[in-house]
Amino acid sequence: MNNARIQEKRLHGELVGAALRYCAVADWFESPKGRKAGNLAFDQFTQAETQLREAGAKAMRKHGHRFLVLQAAGVPEALR
């Protein structure tokens, strides 16, 4: 397997992993146990969100899809 393919798989793994962590932490954050955890839950949620945003930004820079994603999200062209 060539180096580019390995890097692509790593990038994909980072993005999927960050998305799964975000979903798990968000569910916990909104649960009764998460609400009881207070600042810890908020800190974990913020960290998971940051990791997801970083992984997503990295993937979009690599593949140049930022414009297409913003378009699909309904952001007007003048604001992209």
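This is a predicted model: local features need pLDDT of at least 70, side-chain atom pairs count only at pLDDT 80 or more; totals for chains, interfaces and linings use all residues.

Colleague: Which secondary structure elements does the chain have, and in what order do they run from the N terminus?

Modeller: The chain comes to 4 helices and 0 strands, and the elements run α-α-α-α from the N terminus on. The radius of gyration is 16 Å, well over the 12 Å that the globule rule gives for 80 residues, so the chain is more spread out than a compact globule. Along its principal axes, the C-alpha trace spans about 45 × 40 × 15 Å.

Colleague: What span should helix H3 have at 1.5 Å a residue?

Modeller: The 25 residues of H3, residues 39–63, should span 36 Å, and because its end C-alpha atoms are 36 Å apart, the two values agree. Just after H3, Gly-64 takes a positive phi of about 70°.

Colleague: Which residues of H3 are buried, and what covers them?

Modeller: The buried residues of H3 are Ala-41, Phe-45, Ala-48, Ala-55, Gly-56 and Ala-59, and their cover includes helix H1 (3–30) and helix H2 (32–37).

Colleague: How many positive and negative side chains does the chain have?

Modeller: There are 13 positive and 8 negative side chains, and the centres of the two sets lie 5 Å apart.

Technical notes: Residues are numbered from 1 along each chain as its sequence is written. Side-chain values use heavy atoms; hydrogens and water are left out. Helices (H or I, at least four residues) and strands (E, at least two) are DSSP runs, numbered from the N terminus. The radius of gyration is taken over C-alpha atoms; the globule rule is 2.2 Å times the number of residues to the power 0.38. Lys and Arg count as positive and Asp and Glu as negative; His and the chain ends are not counted. The place of a charge is taken as NZ of Lys, CZ of Arg, CG of Asp or CD of Glu. The expected span of a helix is 1.5 Å times one less than its number of residues. Buried means under 20% relative accessible area, exposed over 50%, partly exposed in between (1.4 Å probe, protein chains only). Contact means heavy atoms within 4.5 Å.
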